Amino acid sequence: MLRVHFIGLSAALIAATLVTAAQAQTAAPPPYTTTKVEGTDNVYIFRYGGHQSMFIVTKDGVIATDPISERRPAAKTYIEEIQKITKAPIKYVIYSHLHYDHIAGGKPFKDLGATFIAHKNAKDRIVQLKPADIVVPDQTVGDKKVIKLGGTTLELIYVGRNHSDSTLVMRLPKEKIIFTVDWLPLQAVQFRGLADSYLPDLEEGMKKVLAMDWDKLIPGHPGPGGRQTGTKEDVKNDLAYLQDLSAAVKKAVDEGKSVADAQKEIKLPKYESWSNYGPFLPMNIERYYDFHNRGI
Ligand SMILES: [Zn+2]
């Protein structure tokens, strides 16, 4: 009787332990985090939901990037997180590229007196479209602009069209870090049908970024397992993926196949484990099909 009871209890305990382990594994990450980038004194990543931006703290003020506040109050939290680290003024907000999910909601930063900077193509489009809840940039970047603040140098570099026609590569030369958004994903295929992206410029841009001097990449979204930074290896893999995709689609076009057949037949098993391989590969194929079939 005692033994039976004991076994019953053990089973219950085991079951309880398993539930806890399963819950721990599937537990959602906290809604936001602020992380100091390893190997630096003053470079941080603010993540809110699935978006992230870089900010740099100096004695003379803070350089922030994307407010990531479309239809949500992330900017308020972003500012509170910065102010837990420093009371120095937030001097700049720099937009990574035009897309609203990254740049909307910057007003709380503007109210504190920050100067907003973006590529000139982003400003032109914002002025033209007047999107609600997007602060119009005060300053623009053509090919390159350098910001110096409190001993930190930040380069804002335009490497041409890629995932948009306004994407900046923000490079910290001393820290050997780059922050650039949406086109150099960590172990993920390209987003949906590559809307607003330019081919083959996207691949050329990756080659230019690989030729730059840096060690750590901060992308606009964490990768699998919540990984927040990448390396040149990730960018090499992103380029290899596009080259493999492009070659496979070109072959299908050359053989006179339809886009539907190309989508059905092309498999890139090397990248099977990447995020969004299932849903987005057919859309990535269609984008490259138009490039090879129609030159667009
Ligand atoms: Zn984007």
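Guide: Let us start with aromatic pairs: rings of Phe, Tyr and Trp (its six-membered ring) pair if their centres lie within 6.5 Å, and planes under 30 degrees apart count as stacked, over 60 as edge-to-face and the rest as tilted. Here ring pairs link Tyr-32, Tyr-44, Phe-46, Tyr-48, Phe-55, Tyr-78 and Phe-109 into a cluster. This is a predicted model, where local features need pLDDT of at least 70 and side-chain atom pairs count only at pLDDT 80 or more, while totals for chains, interfaces and linings use all residues. Residues are numbered from 1 along each chain as its sequence is written, and side-chain values use heavy atoms, leaving out hydrogens and water.

Visitor: How many aromatic pairs does the structure hold?

Guide: There are 13. One of them, Tyr-32 with Phe-46, is tilted, at 6.4 Å centre to centre and 40° between the planes. Helices (H or I, at least four residues) and strands (E, at least two) are DSSP runs, numbered from the N terminus. Tyr-32 lies in strand 1 (residues 32–36) and Phe-46 in strand 2 (residues 43–48), 14 residues apart.

Visitor: Is Phe-46 buried or exposed?

Guide: Buried means under 20% relative accessible area, exposed over 50%, and partly exposed in between (1.4 Å probe, protein chains only). Phe-46 has 0% relative accessibility, so it counts as buried. Tyr-32, with a relative accessible area of 33%, is partly exposed.

Visitor: And which aromatic pair is formed by Tyr-44 and Phe-55, stacked or tilted?

Guide: That one is stacked, with 5.0 Å centre to centre and 10° between the planes. Tyr-44 is buried at 11% relative accessible area, and Phe-55 is buried at 0%.

Visitor: Which residues are the protein donors of the zinc ion?

Guide: Donors are N, O and S atoms within 2.8 Å of the metal (3.2 Å for Na, K and Ca); water is not among the atoms, so sites may look incomplete. His-97 (NE2), His-99 (ND1), His-163 (NE2) and Asp-182 (OD) lie 2.1 to 2.2 Å from the zinc ion. Both His-99 and Asp-182 are buried.

Visitor: Why is the arrangement around the zinc ion irregular?

Guide: Four donors count as tetrahedral if all angles lie between 85 and 135 degrees; four count as square planar and six as octahedral if opposite donors are over 155 degrees apart and all others between 65 and 115; anything else is irregular. The 4 donor atoms here subtend angles of 91 to 168°, so the arrangement is irregular.
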